[in-house]
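Colleague: I would like a close look at one part of this model, with its setting described alongside.

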Amino acid sequence: MEKLCDRPYVLTIAGFDPTGGAGLVADCKTFEQLGVMGLSVCTAVTVQTEEQVFNVDWLSPQSIINQLNPLLSRYPVEYVKVGIIQNWEVLSEIVEVAKKIRPNLKFIVDPVLGPSMGTPFHNVVGLESSLMHLALLTPNVPEMQEMTVNENAIEAAVLWSAKCPVLLKGGHSSTTPGTDLLIVNGQITELNPLGPMGSPKHGTGCCLSAAITAQLANGQSLENACLEAKKYVYRLIHSNQTLLAYHANS
């Protein structure tokens with residue numbers, strides 16, 4: 001066996017977005033900038049631009065598992081970011097298979113319920129049974145509301161934090177835009193905006209969860225990982241005036 005690299009290995013299980021602004025391509029761009037070795041498993045192929053999703057072709061659970069097995073068998077992955085997934089039953093199946101290979105795997109799940117514009121990917125039936133396996137769940141306010149059928153996203157996130165930590169993203173908040181809430185066992189830590197809002201960007205949620213994954217793999221605490229990831233996304237949204245960001249870690 002050839003010598004493995006000195007960087008921590010991380011894995012993204014996500015969709016292929018041909019624009020590269022979101023999904024596994026954006027995740028791997030983020031991983032590279034943050035000094036980890038990024039591996040990827042594809043869950044779906046989208047037909048889209050940065051403005052509109054036209055179609056999603058889902059890969060079968062077995063196809064996802066077939067990609068996953070050799071990577072986890074060979075590389076010392078500790079942290080896995082999960083993006084779009086067809087449904088939460090598929091997530092549970094993937095988690096079960098992955099943990100048989102690497103029992104100590106930690107999952108960071110970005111619960112992408114649908115594109116910013118267009119038809120939702122799936123509903124959330126079955127998600128709650130997967131929560132106990134997660135290191136972090138990263139919903140935005142509308143996603144948290146939909147997952148719990150609760151208009152009070154903070155209240156819902158506090159309840160869910162009894163099962164796994166929740167980072168409630170504040171980009172869609174009507175009261176405190178840009179303020180994220182890290183909630184662990186009901187305890188709330190505010191992560192305030194770093195400065196003025198920048199130009200809207202496609203895929204910031206993907207990049208945030210990927211950056212958190214990378215920072216955790218680099219040894220950061222959960223709170224510090226979320227703070228550093230927030231800084232990374234802040235640079236993305238200020239990188240240019242288009243919907244597709246430039247990636248740079250400085």
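Is lysine 231 buried, partly exposed or exposed, and what is its relative accessibility? Please also describe its salt-bridge partner and how the pair compares with other such pairs.

Modeller: This is a predicted model, and in it lysine 231 counts as partly exposed, at 36% relative accessibility. The side chain of lysine 231 meets that of glutamate 228 in a salt bridge, with an N to O distance of 3.1 Å. Both residues belong to helix H7 (residues 222–237), where they stand 3 residues apart, about one turn of the helix. Glutamate 228 is likewise partly exposed, its relative accessible area being 29%.

The count of salt bridges comes to 6, and another of them joins lysine 100 to glutamate 96, whose closest N and O atoms are 4.0 Å apart. Lysine 100 and glutamate 96 are 4 residues apart in helix H3 (residues 88–101), a separation of about one helical turn. Here lysine 100 counts as exposed at 66% relative accessibility, while glutamate 96, at 48%, counts as partly exposed.

A further salt bridge is formed by the side chains of aspartate 110 and lysine 169, at 3.2 Å from N to O. Because aspartate 110 lies in the loop between strand E5 (106–109) and strand E6 (134–137), and lysine 169 in the loop between strand E7 (166–168) and strand E8 (180–184), this pair ties together parts that are 59 residues apart in sequence. Aspartate 110 is buried, with a relative accessible area of 3%, and lysine 169 also counts as buried, at 10% relative accessibility.

Terms used: Residues are numbered from 1 along each chain as its sequence is written. This is a predicted model: local features need pLDDT of at least 70, side-chain atom pairs count only at pLDDT 80 or more; totals for chains, interfaces and linings use all residues. Side-chain values use heavy atoms; hydrogens and water are left out. Helices (H or I, at least four residues) and strands (E, at least two) are DSSP runs, numbered from the N terminus. Buried means under 20% relative accessible area, exposed over 50%, partly exposed in between (1.4 Å probe, protein chains only).
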